[in-house]
Amino acid sequence: MSNYHIKHLEEYFQVYRKSVRDPESFWEEIAEEHFVWRKKWDKVLDWDFSKPEIKWFRNAKLNITENCLDRHLHTRGDKTAILFEPNDPKEEAQHITYRQLHEKVCRMANVLQDHGIKKGDRVCIYLPMIPELAVALLACARIGAIHSVVFAGFSSQALANRINDCDCKMVIASDGSYRGNKTLELKGIVDVALKECLGVESVLVVKRTGEKVEMQDGRDQWLQPLLDAASTECKAVEVDAEDPLFILYTSGSTGKPKGMVHTTGGYMVFVAYTFKNIFQYRENDVYWCTADIGWVTGHSYIVYGPLANGATSVMFEGVPSYPDYGRFWDVVEKHKVNQFYTAPTAIRALAKESLDYVEKHDLSSLKVLGSVGEPINEEAWHWYNTNVGKNKSPIVDTWWQTETGGIMISPIPYVTPTAPTYATLPFIGIQPALMDENENELKGNQVEGRLCIKFPWPGMARTIWGNHKRYGETYFSAYKNKYFTGDGALRDAVGYYRITGRVDDVIIVSGHNLGTAPIEDAINEHPAVAESAVVGFPHDVKGNALYGFVILKEVGESRVRENLKKEINQQITELIGPIAKLDKIQFVSGLPKTRSAKIMRRILRKIAGKDTSNLGDTSTLLNPEVIQEIMDNAL
Ligand code: PRX
C-alpha cells in the first residue's frame, strides 16, 4: 500500500525519505493505487532541467474528469461535490451532487463540441465564481480542450492579450457578476476585448445578473438554452498524461504575462495527493477555499484536488465584507466547514474589524485553517489561530506558485508542529535547496538564500505557452540543474522554511502576483509620462502596495499633476485591471540609475518603505543627486 494519507510525524519523515530516495517508485505507487488510467505509463519520469524537459507518466492515457467525476458516481453519486454559496446570503445555496455535476459537465462538453471545439483547442473562460465556472473547466477537460481562465477582474486589454497569446477559439463569459453590493458587467468587457481577437469564433454567455448585453449575431449565444438541449452523456476523450490540461497566466518580472502550461497526469496526481494530506480531508468533511478560480489556488484546490478525492468543495461567489465583515464566519457556520483556506490579506482585513463578527458565529466545525499567496505575518497568524482556530485548529501556511501547480512547502496538520510565519517542511517528494549568490547550495540549517527545487515533481508547469525558451531562461538558467522560484527563504535551526519574499521584480499585492514591468509599461503609455519605476512598500492589509515614481515630460502646475495621478491609475485600470493601481504616485525629475542605465530599485524600495537610514552602496550610481530630491518629496 502506498502512503496516500500521512497520519503522524514519523510517517512523514519515513515517506519523505522514500520519496526522495526513489521518487519514481514513490509516485508510481501513488498514481497506480489512487487514480484511474485508461492506459498505464511505460516510464514514470523523463527529465533534464538543462533543456528543460520534464515528462511524468510517459505514454499513459487518461481523462482527468473520469477521476474527478465518473469514478465517484457509484460510491458518491449523491454526495455534494460543489456547494455553491452565492454573493447574496438571501439567495439559496446550491448543493450540486457528483451525479449532477457529471451531468452538467457532460452537457457543457457536448455544447463545446457542437461549437467545433476539439482536443487541443484553447477556450478562454472569463466568469465570476458561479458553478458554471467549475463546470466549464471540467467540460474542457472532458473533451481534451485546454482551458485558459482569465480572472474576471482583468481589463479588456489584459483579456485580449491573453486570448490572443494562446489563440483561443471560444470565450465563455457571463453577462455580469455580483461583488458585494456591486454589480459588474463582464460581457461588455469581452466585447471590447474581442475587437482585437479575430480568432474567437464563438462566445457562450451565462446569464447571472440579468444585465442588458449586446449579443453579436453569429458569434454570441446564451449558454442555458444550449445546455438544456444537450445530452447528459458525453464520452470522455482520452488524452496523454503530458497533454496540456490548462494554461494560466502569471506575471513575470519582465515582459508580458507568462502562459504557464500544466499537463494532465502529473498535475492530477500531485494536486490530489497534496489536497488529501495538507487538508487532512476525511470523507464527510466540508472543505472551503475562498480563492477565485481565476488563480491557480482555485484550479488546484477548489476544483481538481478536491474533486479527485471525492470531496465537498465550497465555491463562494461573494466577498468577505458583504453584507458585513462576518460573512466568512457566517458561511463556515452555515455549512459546517471543516477546512478553511484563505489568504493573509483577507485575514488582515478582517482582523481590523470588531471581534464580534467572529465571535457571534459557531466555528466549532473547523479542523484545519490554511493560508496561501504571500507570507503571513506574525500578528495575522496569531489572530487567525486564536480567534478563528480557537487555538485548536492547526494553520497550514502553504507555500507554492502558479508554476508549481500545487503546494510545495507546508505543514501537514496534526502531523507537523506549526510555527508562526513558517511554511515549515517540504511536502513529500519536494526537494528544496537554498542557494547563495555564488550559486552554491547552502547546506545545513540556519541559512538563508534563494529558494530552488532540485528535482522534478509531478505538478510542475512544463513550459510557457508558445515560448519554451523563456521557460528555460526564467526558471532554469539562474542555477544549474535547479528550478529557481524567484523567492528568498531561510531554513531555521530545526530545518523549517520561512519564505522571506520575492527576490525579483514581482510584487505580491493582496496575494496577487504583479510584475513591475507591465505596470510601468502601462504608466509610460500616458502621453505626459517620460519614464517610471514601480516598487512595493509594506501595507498593513494588502501586504504590499504599489508606489510609482514617475518622470513627466513637462513638470506642469500642481493641479494638472493631481489630475495626472488619476489618469495614470485610470490607464493602469484599463490596460491591466484595478488590482494593479498605484497607492502612491510621486513625480520625480530623475530615477537613480546605474552606469549601465538600470534603475536601482533597491533604493526606491527603501524610500517607498520609509527605510532610508542605510541606502546601501550608491557608488555605482550615475546620478546620485536625484536621491536627495526623491527622499525630500517622498509620500
Ligand atoms: O512569493 C511567493 C508567494 O506567492 C508567489 C506565487 O504567486 P502565485 O503564482 O500567484 O501563486 C499564489 C498561490 C499559490 C510565490 O512565489 N507565496 C505564495 N504562498 C506563499 C507565498 N509567500 C509566502 N508564504 C506563502 N505561503
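Mentor: We shall take the basis of the model, then the ligand shell, and then some individual elements.

Trainee: What kind of model is this, and at what pLDDT do local features count?
Mentor: The model is predicted; local features need pLDDT of at least 70, side-chain atom pairs count only at pLDDT 80 or more, and totals for chains, interfaces and linings use all residues. Residues are numbered from 1 along each chain as its sequence is written.

Trainee: How many residues surround the ligand?
Mentor: The ligand is surrounded by 22 residues, counting a residue as near if its C-beta atom, placed from the backbone, lies within 6 Å of the molecule. The closest are Pro-375, Gln-401, Thr-402, Ile-499 and Asn-513.

Trainee: How does that shell divide by residue type?
Mentor: Eight are nonpolar, ten polar and four charged. Here Ala, Val, Leu, Ile, Met, Phe, Trp, Tyr, Cys and Pro count as nonpolar, Asp, Glu, Lys and Arg as charged, and the others, Gly among them, as polar.

Trainee: Which elements supply at least two residues of the shell each?
Mentor: They are α11 (296-308), β19 (368-372), β20 (395-398), β24 (483-491) and β25 (497-502). The largest share, three residues, comes from β24. Helices (H or I, at least four residues) and strands (E, at least two) are DSSP runs, numbered from the N terminus.

Trainee: Is α11 mostly covered or exposed?
Mentor: Mostly covered, as 13 of its 13 residues are buried. Buried denotes 20 or more other C-beta atoms within 10 Å of the residue's own, exposed 12 or fewer, and partly exposed in between, with C-beta atoms placed from the backbone. After α11 comes Gly-310, with a positive phi near 70 degrees.

Trainee: And where is Thr-290 found?
Mentor: Thr-290 is in the loop between β16 (286-289) and α11. Thr-290 has 23 other C-beta atoms within 10 Å, so it is buried.

Trainee: What is Thr-290 in contact with, leaving aside its neighbours within four places in sequence?
Mentor: Its contacts are Phe-316, Phe-328, Tyr-341, Thr-342 and Ala-346; a contact requires C-beta atoms, placed from the backbone, within 7 Å.

Trainee: Where is the place of Phe-328?
Mentor: Phe-328 is in helix α12 (residues 327-335). The C-alpha atoms of Phe-328 and Thr-290 are separated by 8.8 Å, although the two are 38 residues apart along the chain. Phe-328 is buried because 26 other C-beta atoms lie within 10 Å. Not counting residues up to four places away, Phe-328 also touches Pro-320 and Leu-350.

Trainee: Changing topic, which strands pair with β4?
Mentor: Strand β5 (residues 94-97) runs antiparallel to β4 and is joined to β4 by four bridges, with Ile-82 opposite Ile-96. Strand β17 (residues 312-316) pairs with β4 in the parallel sense over four bridges, and Phe-84 stands opposite Met-315. Pairing requires at least two bridges found by DSSP between the two strands.

Trainee: Why is β4 largely enclosed?
Mentor: Six of the six residues of β4 (residues 80-85) are buried, so the rest of the structure largely encloses it.

Trainee: Which domain does UniProt list for residues 519-598?
Mentor: The unreviewed UniProt entry gives "AMP-binding enzyme C-terminal" for residues 519-598. UniProt positions are in the numbering used here, feature names are shortened, and annotations may be inferred rather than shown by experiment. Over that span the chain is 30% helix and 31% strand, with end C-alpha atoms 17 Å apart.

Definitions and conventions: Contact = placed C-beta atoms within 7 Å.
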